[in-house]
Amino acid sequence: MVKPFLRQSPLAHLHLEARRPLGDGLPEAGIHVAERPHRSQIAVRGQATDPAFLQGIEKALGISLPTEACTASGKPGDLQVLWMGPDEWLVVGGPDNAALIISKLTTALVDLQVALVDVSESRTVIELSGKQARVVLDKGCSIDLHPRSFGPGQVVNTLLGRGHVLLHQTDHEPASGSSAYDIYVHRSYAEYLWSWIEDAAREYGLAMRS
Amino acid sequence: MSQINRLAHGGRIDRSKPLHFTFNGQAMRGYAGDTLASALIANGVRLVGRSFKYHRPRGIMAAGAEEANALVQLESGRRTLANQQATRIELYEGLSATSINCWPGPNFDLMAVNSWFHRLMPAGFYYKTFMWPAAAWKYYEHFIRRAAGLGVSPKLPDPDQYDQMNVHCDVLVVGGGAAGLAAALAAGRTGARVILADEQAELGGQLLGEQAEINGKPASHWLAAGESELAGLADVTVLKRTTVFGYYDHNFAGMLETRTAKLPNGGATTRQRLWHVRAKRVVIAAGALERPLIFSDNDRPGVMLAGAVRTYLNRYGVRAGSNAVVFTNNDDAYRTAIALKDAGVKGVCVIDTRLAPHGELPTQALQAGIAVIDNSTITGVTGKRRVQSVEVMTLNADASGVIGPARTFPCDLVATSGGWNPVIHLHSHAGGKATFDEARGLFIAADTLQASACIGAANGEFQLNDCLKDGFRAGRDAAAKAGFKKASRRKLPTAAVVDEAPARIIWALPTTKPIGQRGKHFLDLQHDVTVADVQLAAREGYRSVEHTKRYTTLGMATDQGKTGNIPGMAVLAQALGVANPGDVGTTTFRPPYTPVTLGAFAGRNVGPLADPVRMTPMHHWHELAGCKWEDVGQWKRPWYYPKDGESMADAVNRECLAARNAVALLDASTLGKIDIQGPDAAEFLNRIYTNAWSGLAIGRCRYGLMLKEDGMVFDDGVTTRLGENHFLMTTTTGNAAAVLGWLEEWLQTEWPELKVYCNSVTEAWATLTLCGPNARHLLAEFTDDMDLSADAFPFMSMQEGTVGDIPARVFRISFTGESSFEVNVPASYGLALWTQLFNAGEKYGLTPYGTEAMHVLRAEKGYIIVGQETDGTVIPQDLGMQWILSKKKDFLGRRSFARPDSARGDRKQLVGLLTGDPDMVLEEGAQIVAENRNNPPIPMIGHVTSSYYSANLGRSIALALVSSGRDRVGDTVYIPMPGKVISAEVTTPVFIDPQGERLHG
Amino acid sequence: MLLIPCPYCGEREETEFHHGGEAHIERPQDPDALSDAEWANYIFMRTNPKGLFHERWVHAAGCRRWFNMARNTATNAIIGTYKIGEKPPKGAR
Ligand SMILES: [Zn+2]
């Protein structure tokens, strides 16, 4: 009936990977963009003060729960846990992994007062990188993203343009000044956010990354 | 026109780069580095516009942001900008500007007739004349608009782009003059993140217009070295052409950067950028503005500020006149006299209000052969479109009048100086106080609420050497307070100290007659407010400077009284008999310091980016199907799907008929969905909803109503029990975020003991609502693991299984009164399933339906829409929903039912209305009366909340809130509309299937 | 525009927050024990002082947490923010 390949991310219809770069005459693109669709995402709620909860997470995922505000644990591209609030985290994994992660968590957190919700479908991820990535974000985001106050491993819920995003810095090269971010955006806002980024990045040159 | 006033050499303009421009249609030339004002003066233009009220001829009077007269309309068509100060427009090739405030032109202005009637236009003129009778306002308004004639707004969309930037810094330095540049260097050297913003095209501030020296060399050397050092500091940002226009709480500043100084715009760059700056420390080095002396007819073209005259000479290489008188109360203006003399201007003399001025500068002037007439004032100016001469007399002992013979000095330029005022506008924006320095007649920044400091001329330091010292100290200090303490051992630059004698402050200079009876002493040149106006206001009882400002409009023009406010305040103090003008106080400065284009505030939030468009997974299918959209919050929802040639009514009727006779499909993905988990989840719902939830079986659904504590309906929706401690709540589309916020508010602030977690899953699911007698047959083709029969899958229950091989939650709930299946699948499969349903659905008559049909269908059943049948003043009882109010528990809002207002017998109640004419569709919002008579007032008893044509019933239907409506069932009520009165019968609000057979079938 | 120190996330721009009115107004344990006037007082009446004010905010675009803030309404100076259930900081009581 409905074939798995018909599964469609919120930006699939834009065929981003097939687009030519923006910014004629610029020697190189200051911004690279890609959609990273279908990541497994599980909202985890629980008490960070409960050692059993912390141990359970570590046991199930092999990485610790980030209890420091606005930080992430794990490795970009691999399993990660993003801090969302004092009792709320987002476990992120590769595509089609949510059921397995939930079952591991359920087993490890049995008898604890927690909530696990599969929200993989709620958001897509736009990966933004390049020398001008930070400046583009500065056009619509009030967080201080200067390397002195924000860096890889930090994650914030905030506003970008006129929409809400979860902004996770994944990389920074001091030598080149290049930074990389994963922008988690609710799927209904994804096309707006893409348009916003395309507009803001135009002056720096924008290229698609596969 | 040739540049008759351009000096052969000197200035910072580039004579190798000539530029062409037009002013009022006349072709002129200037140079790169000119402003429009300097180029106009170079070309001998004296008259640039007319004043606001009296339409008196006016010329350029300043060289910067304080310019009150030289407002122009810049360019025409889409890019036109109104009321631009010629002193702040950088000249560019092809510039075109015209005068404002005059029609047909500045040399012959029909409205100048106003000045003949000036006795009829005193202070408070608008209030006195035009406020009565009220009905006459429409005539007056036309006259005022035409007569006021300020610039013209563009009629077409602005083709240029504006954008915004958010930045954070340790030290924001406002102003790139001597003090500001010094502060930026000192702060930057510590490694702090520094932003230096200056409104001009070049750093240097007042230095650009002076012949000053630093370290024994021309100041330009130090400026260039400083700028180049800043450019080498990685964390220092220098923004030229950038005005810090507003300063707000917690060290937040708004800056406007002009990025394409040269119109028209080129390339991908935005024309202007609005910067939002959050600074740890702010150093305000905004300089000082010169204030004029207030004498009779001080508005004549050719009367200019002395510092501006000097700036035109030194910076732009233009002389503002060929025969000049300098009129001053202080030493500084002697610099202008000397510079004029050096530039070959004839007959330069100085009129000084002081007795025997003896400072260093007057001595130099005398040595240069400049005549000084002391203890004197200008008592009159001849020449309407151009100063021709001034009349000078000696001041009497207390300067209240003049004595002796009048001498006449022929001149075409009067350079006047009443001293300098620190620019404390930004300090004041953010709540800073000011104290009055009586000796110097100026306000100095005092207490501030912000982490900021005013330095240099902005703090009343007028010696260059002091400005440099102050700047370096303030820069170091600000950086240290922001945590950067690295010391620098560099030797600080110095400048020669010039000994200046005190000024003699006389606020309104006398003539041979009482003020107001000979000529006009202008305080506010742009709004034509005179000393006599302020004195009149005082006589009429005005005491507060804030009230006087509004009554006389002093300082309320686009220049915000940068030159006139302080003399005006002092004149008020004198008129009130207050000894110290500081006791009258100053008005509060408000942002913006200089006008900001609305485009910059909008930034890129225009056109498609004006507001996010939220899209469901099936959005693009709807678009291809040619649907019309309805905006619900930020969501786009299909409103209806017209086929070729169909009207809206045709399409909606077809969709409604399909939903009740075949099968129709609605995209309901926008409904809010909240996952609620925890051992106290049922108890939580008991408190939030009006009905009871503990007994709801797993897999069953229940409708709930949410109230605010005042008892008014807030939201409704169906909640399903997924597990013992697990519920899924749905909310209305528009209230999804508000309801989640409401739940969190109560959980976090009032009931932290409840073990419940709420998570939004709105975006995780695509919701496809199949509705109609064929819905079951169609859905059955897509699932083999769910029994869809009415017995196995009753109304208000939920099953999990697969639909089209996709994991799905299917709910048997209905908002149409028809047998319905709400299919929820993971959002990314929504479009695929939707498409597959249509591939298979043709044989069942599958029709997509939109929100309009949904609204009609639910109204046929009398189902309410929160926000349509309710408006924040409606309690459940008004809606006939007593059945949903539990009597066994407390819930939010319950106590308010006993409030006298809730218990009133005549509250509006939900009823149906059937018009006498079945084809007559009432207007939503129409008022309802009980009697059909023609002599108002007729008491209103209610209003129409929903009204449609129902194809299923073959007639119109309406829902209404009517006072004691349920008692009126069977009565006839009336809806008066323009040209007719419509009668309607009051009915119960259910028009179709009152027994619910379709629903359960 | 205020710079608000969220007790969880740190300083953020005011645009990320929603104001929630006066703090420390508890829902009555037994609403029926209140007179109509007392109930109306609970729902509608607020102190609206000039000067020190305790108010609720929610970090709507951030961590979604409610918290309290002590602010001087005349100067907008923030004396401190504190979590729900905690006492106001020193200098804000
Ligand atoms: Zn927070």
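The structure is a predicted model, in which local features need pLDDT of at least 70 and side-chain atom pairs count only at pLDDT 80 or more, while totals for chains, interfaces and linings use all residues. Side-chain values use heavy atoms, without hydrogens or water; residues are numbered from 1 along each chain as its sequence is written, and chains are lettered from A in the order in which they are written.

**Interface of chain B and chain A**

- Chain B contributes 52 residues and chain A 46 residues to the contact, where contact means heavy atoms within 4.5 Å.
- About 4100 Å² is buried between chain B and chain A, with 53% given by carbon and sulfur atoms; buried area is the accessible area (1.4 Å probe) that two parts lose on being put together, summed over both.
- Eight salt bridges are found across this interface, a salt bridge being a side-chain nitrogen of Lys or Arg within 4 Å of a carboxyl oxygen of Asp or Glu.
- One of them joins A:K139 to B:D163, with the closest N and O atoms 3.6 Å apart.
- Between chain B and chain A, 28 residue pairs are in polar contact, both residues at pLDDT 80 or more; a polar contact is a pair of N or O atoms within 3.5 Å, and within protein one must be able to donate a hydrogen and the other to accept it, with residues adjacent in sequence counting only if both atoms are side-chain atoms.
- On the side of chain B that touches chain A, β8 (162–174), β34 (672–677), β38 (757–760) and α22 (830–841) each give two or more residues; helices (H or I, at least four residues) and strands (E, at least two) are DSSP runs, numbered from the N terminus.
- The largest share of that side, six residues, comes from β8(B).

**Interface of chain C and chain B**

- This contact takes 25 residues from chain C and 29 residues from chain B.
- The buried area is about 2300 Å², of which carbon and sulfur atoms give 45%.
- Seven salt bridges are counted between chain C and chain B, among them C:R27 with B:E709, whose closest N and O atoms are 2.4 Å apart.
- Polar contacts link 22 residue pairs, both residues at pLDDT 80 or more.
- Helix α1 (residues 36–44) of chain C supplies the largest share of the side of chain C that touches chain B, namely five residues.

**Helix pair within chain B**

- Helix α7 (residues 306–316) and helix α8 (residues 333–342) of chain B pack at an angle of about 35°, their axes 8 Å apart; axes are lines fitted to C-alpha atoms, for helices over the stretch in contact, and angles run from 0 to 180 degrees between N-to-C directions.
- Residues of α7(B) in this contact include B:V309 and B:L313, and those of α8(B) include B:A339 and B:L340.
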